[in-house]
Amino acid sequence: MSPATEEPAPSTTVSKEPASSATVSGEPASSAIAPTNPPSSAIAPEKAASSATAPGKPASSATAPEDPPPPSPATDHPAPHSPTTAVTTELAHRTIETDVFPARWTRISDTRFRFTAHWPATHPFFGPVDDRHQDPMIVGETLRQASMVLAHAEFGAPADTHFVMWDLTVSVDTTALLLADAAEPVEFDVVCSEIRRRGRGLRSMRTTMEFRRAGRFVARGTGSTGCTSPRAYRRLRAGRLNALNTPVPLLAGIAPQAAGRSRAEDVVLAPGDRPGVWNLRIDTGHPVLFPRPNDHVPGMVLFEAARQAATAASGLRPFLPGTLTAEFAHYAELHSPCRIETEVFDERPGEVTVRVWGRQDGASVFSASLTSARPARVRSLS
């Protein structure tokens with residue numbers, strides 16, 4: 001299996017807050033790297049949850065109350081009698097509070113945790129895709145943030161850790177991802193498995209999550225994450241760190257409507273040399289995609305490029321992916337052209353699948369697959 005996306009370490013220390021002061025906060029990123037011993041390839045969320053193992057588990061602080069609360073609809077495990085911890089911008093690797101979607105969590109066991117999140121009706125980047133639906137990409141971003149929160153706060157990853165995501169799989173019930181429900185909090189339970197330790201710290205793990213809102217299933221997701229120390233990161237990126245000080249030319253983007261976006265500044269595709277092919281458009285000044293300097297293209301940009309390419313290639317408006325999978329192979333460098341190539345498949349009635357590849361310097365950077373239902377045709381009564 002191929003490796004994945006790198007998250008730069010925050011510049012501030014990890015901290016915890018009491019539940020009463022919970023805030024929603026954040027910072028983005030991720031981009032590709034090939035680790036020495038990557039974990040096995042992405043597996044279905046249900047399988048990952050049922051086979052969770054945890055070598056080197058931290059001691060649990062949860063104690064059961066005399067009259068336990070009712071079980072979570074996501075896991076059927078009773079809520080623990082343990083403190084609720086607030087998610088901070090530092091834990092989620094974000095710089096702005098409104099960019100953090102997980103709000104707080106509690107420990108169920110050594111490898112199971114319950115989160116509450118908020119998916120706002122409006123957001124500068126993860127905004128609604130039409131007048132009815134929230135952006136399915138918010139599920140993947142919530143999974144990514146929650147994985148880093150747990151790595152730091154529950155599994156001992158130091159505050160200056162760089163994170164690598166090797167794969168990401170999300171399935172969404174788009175009929176439940178409605179703008180009308182945005183005021184309702186999202187509850188999701190997390191199972192941590194394939195846990196590998198480095199001393200007392202964390203080397204890598206898989207997180208599998210199930211999301212519900214007002215008791216209704218919304219989505220499942222799983223992702224495999226690795227941890228890199230600053231020293232190891234400097235060795236891996238030797239000769240590339242000077243990219244931080246070199247301006248990146250901003251290419252002209254395709255029409256926002258073609259990419260499924262409403263704002264030109266959110267487009268990450270530039271015209272290519274033939275139909276179905278685009279060039280990656282990198283805007284290092286984008287406040288959500290590049291909240292701070294980075295020496296490579298964040299993985300969030302690559303994931304968004306896959307969604308925009310699927311939208312442009314399929315012609316669906318909106319392209320509302322019910323399933324999204326991605327695997328990452330190498331860092332996407334800032335100063336080398338990256339081609340985004342697509343192939344459209346519509347063998348199954350009522351849906352379209354788009355395969356997307358990112359290629360740079362003759363090598364694959366990432367691959368993704370996104371499937372969307374076709375909008376139902378409305379017959380004229382005239």
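Let's start with a cysteine. Cys192 is buried, with a relative accessible area of 0%. Keep in mind that this is a predicted model. Cys227 is buried too, at 9% relative accessible area. How many disulfides does the model have? The count is zero. The cut-off there is a pair of cysteine sulfur atoms within 2.5 Å.

Now the core. The largest nonpolar core has 81 residues. Phe115 and Trp119 have the most contacts inside it. Which helix gives the most to this core? Helix H3, residues 137-153, with ten residues. As background, nonpolar side chains in soluble globular proteins tend to be buried together.

Take Phe115 and skip its neighbours within four places in sequence. Its contacts then include Val87, Pro102, Arg104 and Trp105. Further along the chain, Phe115 is in contact with Ala146, Val149 and Leu150. Val186, Glu187, Phe188 and Val190 complete the list.

Back to H3, this time with a partner. H3 packs with helix H6, residues 299-314, at an angle of about 160°. Their axes are 12 Å apart. Over 145 degrees counts as roughly antiparallel, so that is how H3 runs relative to H6. The crossing of the two helices is right-handed. Which residues meet? From H3, Met137, Glu141 and Arg144. From H6, Met300, Phe303, Glu304 and Arg307.

Next, Val277. Val277 sits in strand E10, residues 277-280. Is Val277 buried or exposed? Buried, at 3% relative accessible area. Val277 and Arg339 are 62 residues apart along the chain, yet their C-alpha atoms are separated by 6.9 Å. Leaving out residues up to four places away in sequence, Val277 touches Gly272, Arg339, Ile340 and Glu341.

Last, the backbone. Most residues other than glycine have a negative phi, and most peptide bonds are trans. Here are some departures.

First up, a cis peptide bond joins Arg317 and Pro318, with omega about 0°. Pro318 lies in the loop between H6 and strand E11, 321-328.

Then Glu194. Glu194 is not a glycine, but its phi is positive, about 50°. Where is Glu194? In strand E6, residues 186-198.

And Ala214. Its phi is also positive, near 55°. Ala214 is in the loop between strand E7, 201-213, and strand E8, 216-228. Ala214 counts as exposed because its relative accessible area is 65%, and the cut-off is over 50%.

That's my tour. Questions welcome.

How values were computed: Residues are numbered from 1 along each chain as its sequence is written. This is a predicted model: local features need pLDDT of at least 70, side-chain atom pairs count only at pLDDT 80 or more; totals for chains, interfaces and linings use all residues. Side-chain values use heavy atoms; hydrogens and water are left out. A nonpolar core is a set of buried Ala, Val, Leu, Ile, Met, Phe, Trp, Tyr and Cys residues joined through side-chain atoms within 4.5 Å. Buried means under 20% relative accessible area, exposed over 50%, partly exposed in between (1.4 Å probe, protein chains only). Helices (H or I, at least four residues) and strands (E, at least two) are DSSP runs, numbered from the N terminus. Contact means heavy atoms within 4.5 Å. Axes are lines fitted to C-alpha atoms, for helices over the stretch in contact, and angles run from 0 to 180 degrees between N-to-C directions. Angles under 35 degrees count as roughly parallel, over 145 as roughly antiparallel, 65 to 115 as roughly perpendicular and the rest as oblique. A crossing is left-handed if the near helix is turned anticlockwise from the far one by less than a right angle, and right-handed if clockwise.
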